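Visitor: I would like to learn how to read a protein model. Could we take one feature at a time?

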Amino acid sequence: PALLFVKTSQGKEEGRRFYACSACRDRKDCNFFQWEDEKVSETRLAAREEYNRNHQPPFTHRQNVDRYKKFVLLPLSKRRFCQECQQLLLPAEWEKHSDHQFLCDITTAQLKSPSQLLYPLENKKTNAQYLFADRSCQFLLNLLIDLGFRRVLAVGTPRLHEMIQSKASQEEEFSVRSLLLDIDFRYSQFYTEDEFCHYNMFNHHFFGGEAARETCRKFLYEENGERVIMVTDPPFGGLVEALASSFKNLMAMWKETEKEGHDNKEMPMFWIFPYFFESRILDFFPSFSMMDYQVDYDNHALYKHGKTGRRQSPVRIFTNLTPSMIVLPEEEGYRFCTVCQRYVSSGNQHCEICNSCTSKDGRRWKHCVLCKKCVKPSWFHCNNCNCCTLQKHSCEKTDIGCFVCGKAGHKRSACPSLSHT
């Protein structure tokens, strides 16, 4: 299934609607495009079917599971991984991959950490596969255990899933289970159908059909009081509307499990996303609040812990759990604000006028009486613009209005008619 978009022209509220790929934002990665009112010929439909058939993975999930069972029985010297095809190889397949780069002697530890064996897919407009650093991953897992959750629906969080799977296989008393929903089909080589579902979080599509949907539904059923939480880390360039729609569908699946007391409750959730999307997320989930904890990533140049100022990670945890329950590590510079009843960054000072700890980026913000809110320390009030902004800015008033509706006073991203459609 594709997503329905609208092409808008300046000043015109009505635009022409079209379908495009929900996962890839770049036509080079997926060139699917179809006007909503377009009649598609049989020839084009047949060509599309043929294209899709030719671009399927070489093995199904079931075949990959069978291959894995054979692979783990091989002696270390015969365990090879093709780096070009990103595939575990059985000895009979070596010849076919003879001119490719191999990794040899694949250990059991490597098989239990597939996110370190596979190349991260870092195309920002398609996959944007940035992986949690161990520090953040361990913090999340400890937090989930302390909060009493025993099942984790890991939506696009392969590092967290593999940490849970690895601990479960090594420690008998470890009682947390997880199910990974991810668009990266390479993980089907390492996990069974009960541990991984090929899933598109932009349109709530299970590639494995009804069987995969049923796997997810079963996982969400809370047996023996094993509470479930969804933890998701979507690509930051993704449409918040599309993601929110999918997450609401997953929450609805949780409600359908017919557990008493689900009626008026939301499924517990951690949505990991940059702080500057706060207003967008709260539009769709008013019950959510943003935690101050900075999530950092192994393979991202900017989103790393311990940097100062603007180089600190902007990634935060949005959750519908009570903020006071989320205990942040004091040794990493977090403290509890008794007025706000939540843990905040040490630089986030409580503002008496706003009656809140207002900083979003870890620095101490300052209150502007004219704007009636706290702003970044590097901002100053500009009388021409009638708001706080950077000191070096061009404040010539222009008559150019919003690109969608043509009205002044807001940008395209904040257009009321856009969010309405």
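**Reading burial, sheets and salt bridges**

Guide: Asparagine 200 counts as buried because its relative accessibility is 4%. Buried means under 20% relative accessible area, exposed over 50%, and partly exposed in between, with a 1.4 Å probe and protein chains only. This is a predicted model, so local features need pLDDT of at least 70 and side-chain atom pairs count only at pLDDT 80 or more, while totals for chains, interfaces and linings use all residues. Residues are numbered from 1 along each chain as its sequence is written, and side-chain values use heavy atoms, with hydrogens and water left out.

Visitor: What percentage of the residues of the protein count as buried?

Guide: Of its 421 residues, 44% count as buried.

Visitor: Which residues is asparagine 200 in contact with, leaving aside its neighbours within four places in sequence?

Guide: Contact means heavy atoms within 4.5 Å. With those neighbours left aside, asparagine 200 is in contact with Ser22, Ala23, Ile183, His205 and Phe207. For the whole protein, take the contacts between residues at least 6 apart in sequence: 54% of them join residues at least 24 apart.

Visitor: Where is asparagine 200 placed in the secondary structure?

Guide: Helices (H or I, at least four residues) and strands (E, at least two) are DSSP runs, numbered from the N terminus. The protein has 10 helices and 22 strands. Asparagine 200 belongs to strand S9, residues 196-200.

Visitor: How do strands of a sheet pair?

Guide: Strands of a sheet pair through backbone hydrogen bonds, either parallel or antiparallel. Here two strands are taken to pair if DSSP finds at least two bridges between them. In this protein, 8 strands form an open sheet with mixed pairing, in the order S10-S9-S8-S7-S11-S12-S14-S13. Strand S10 (205-206) and strand S13 (289-290) stand at the edges with a single partner strand each, so one side of each has no neighbour in the sheet. Strand S8 (residues 177-182) runs parallel to S9, and 3 bridges join them. Aspartate 182 stands opposite histidine 198 in S9.

Visitor: Is leucine 328 buried or exposed?

Guide: Leucine 328 is buried, at a relative accessible area of 2%. This leucine 328 lies in the loop between strand S14 (315-319) and strand S15 (334-337). Not counting residues up to four places away in sequence, leucine 328 touches Phe139, Asp292, Tyr293, Tyr334 and Tyr343.

Visitor: How many salt bridges does the count come to?

Guide: A salt bridge is a side-chain nitrogen of Lys or Arg within 4 Å of a carboxyl oxygen of Asp or Glu. By this rule there are 23 salt bridges. One of them joins the side chains of arginine 62 and aspartate 66, at 3.2 Å from N to O. Both residues lie in helix H2 (residues 61-73), 4 residues apart, or about one turn of the helix. Arginine 62 is partly exposed at 40% relative accessibility, and aspartate 66 is partly exposed at 32%.

Visitor: Which parts does the pair of aspartate 296 and arginine 135 tie together?

Guide: The side chains of aspartate 296 and arginine 135 meet in a salt bridge of 2.0 Å, N to O. Aspartate 296 is in the loop between S13 and S14, and arginine 135 is in helix H5 (residues 134-146), so the pair ties together parts 161 residues apart in sequence. Aspartate 296 is buried, with a relative accessible area of 6%.

Visitor: Which residues are linked in a network of salt bridges?

Guide: Such a network links Glu210, Arg213, Glu214, Arg217 and Glu256.
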